[in-house]
Amino acid sequence: MTLNEYQKKRHFAVTPEPSGQPSSRKDKDSNLIYVVQKHRATNLHYDFRLEWHGTLLSWAIPKGPSPNPSVKRLAMQVEDHPIDYAGFEGVIPEGEYGGGTVMVWDKGTWEPEVEEVDAALQKGELKFRLHGKKLKGSWVLVRTRGYGRSSVKSWLLIKHRDQFASTRDITVEARSVISNRLLADIARDGGGDTAKAATGDPPGKSTALKRASRAKRAVASPKRRKRAT
C-alpha cells in the first residue's frame, strides 16, 4: 500500500491537503485510527477511512453510513490516504481533484474482528468494530462483483446487529466532531463556495449561508438616506 496514486492526483502547492508520508505507527497498535469525512465535491459523499499499514484505507460512500443492518450502503474503494489526512477539515480549491468542502464528520478508533486483515481484504470481507463519536459497534465491508472497471473497487458497508444498531438516519447529525461546524461554515471560513457547501447541510440550518444572503441583499439594496427636515 503506497501513496503514489494519492500524490499524483494532487498539486500540493495549491491544495491545503497534507502531502503525507506513510506512518511509522504499527498496525498492532490497539488504537488504529478511524475517520469519516463528509465531502461536498461534485457530489456529496462520505469518505470512510481505516488506518492500516501506515496509511488510511479509503472508501467513498455516496449516501453515507447507516446503522440499520437491513440497509446496505455502496462503498467505492479509492486510493489510500496519508494518516495525517484524518485531521483535515477545510476547502479544496475548485479545479483541483476533489474540489469542495471537507468536514471531519466522525472520528475514533477501530479494531479488526478477523485474525488476518490482509487476508480478509483479499477475500473481500472485512469485519471490524468501530469506536467513534457517531458510529459504534460491529460492521462489515463486503466486496461486490460490480461491473467493468468497478468490479474490484465496489464494496458494501453493512452494520451488524448489536446494541448500536438503529433505524434512525445518522446523517442528520450534520456537524463536525472537531469544530462543531456545518459544511457551509467550513466553506465560509476557508474562502470556499458557501452556497455549494450548504447543499450538503440540513435545509435551513446554515447560519453561514444566511449571513451571506443578508450581506448580498445589503449590498444590492442599500438603505436610503433620510431627507433633511
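**Group meeting: polar and aromatic contacts in a predicted model**

Let's start with a polar contact: the side chains of H81 and R49 meet at 3.5 Å. By polar contact I mean a pair of N or O atoms within 3.5 Å; within protein, one must be able to donate a hydrogen and the other to accept it, and residues adjacent in sequence count only if both atoms are side-chain atoms.

A word on the source. This is a predicted model, in which local features need pLDDT of at least 70 and side-chain atom pairs count only at pLDDT 80 or more, while totals for chains, interfaces and linings use all residues. Residues are numbered from 1 along each chain as its sequence is written, and side-chain values use heavy atoms, with hydrogens and water left out.

Back to H81. H81 sits in strand β4, residues 73-82. Strands here are DSSP runs of E, at least two residues; helices are runs of H or I, at least four; both are numbered from the N terminus. Is H81 buried or exposed? H81 is buried, at 3% relative accessible area. The cut-offs: buried is under 20% relative accessible area, exposed is over 50%, partly exposed is in between, with a 1.4 Å probe and protein chains only. The H81 side chain also reaches the backbone oxygen of E79, at 2.9 Å. Leave out residues up to four places away in sequence, and H81 touches L3, Y6, R10, R49, T55, L56 and S58. Contact means heavy atoms within 4.5 Å.

Next, Q37. Q37 lies in strand β1, residues 32-40. Its relative accessibility is 0%, so Q37 counts as buried. What does the Q37 side chain reach with its polar atoms? The backbone oxygen of Y85 lies 2.8 Å from one of them. The backbone oxygen of F88 lies 3.0 Å from a polar atom of that Q37 side chain. Beyond four places in sequence, the contacts of Q37 include H45, R49, V102 and W105. Q37 and G87 are 50 residues apart in sequence, yet 9.3 Å apart in space, C-alpha to C-alpha.

Now charge. Side chains of opposite charge can pair when their charged atoms come close. How many salt bridges does the structure hold? There are 14. A salt bridge here is a side-chain nitrogen of Lys or Arg within 4 Å of a carboxyl oxygen of Asp or Glu.

Take E173 and R168: their closest N and O atoms are 2.8 Å apart. E173 is partly exposed at 30%, and R168 is partly exposed at 38%.

Then R188, which bridges to D185 at 3.9 Å. The two are three residues apart in helix α3, residues 183-189, so about one helical turn separates R188 and D185. R188 is partly exposed at 34%; D185 is buried at 7%. R188 also meets D189 in a salt bridge, at 2.9 Å, N to O. D189 is partly exposed, at 46%. Elsewhere, salt bridges with shared partners join E5, K9, R10, E17 and E79 into one network.

Last, the rings. The structure holds ten aromatic pairs. Rings of Phe, Tyr and Trp (its six-membered ring) pair if their centres lie within 6.5 Å; planes under 30 degrees apart are stacked, over 60 edge-to-face, the rest tilted. For W59 and W155, the centres are 5.8 Å apart and the planes at 80°, so this pair is edge-to-face. The pair links distant parts of the chain: W59 in strand β3 (residues 55-61) and W155 in strand β9 (residues 154-159), 96 residues apart. Both W59 and W155 are buried. Ring pairs also link Y34, F48, W52, W59, W110, F128 and W155 into a cluster.
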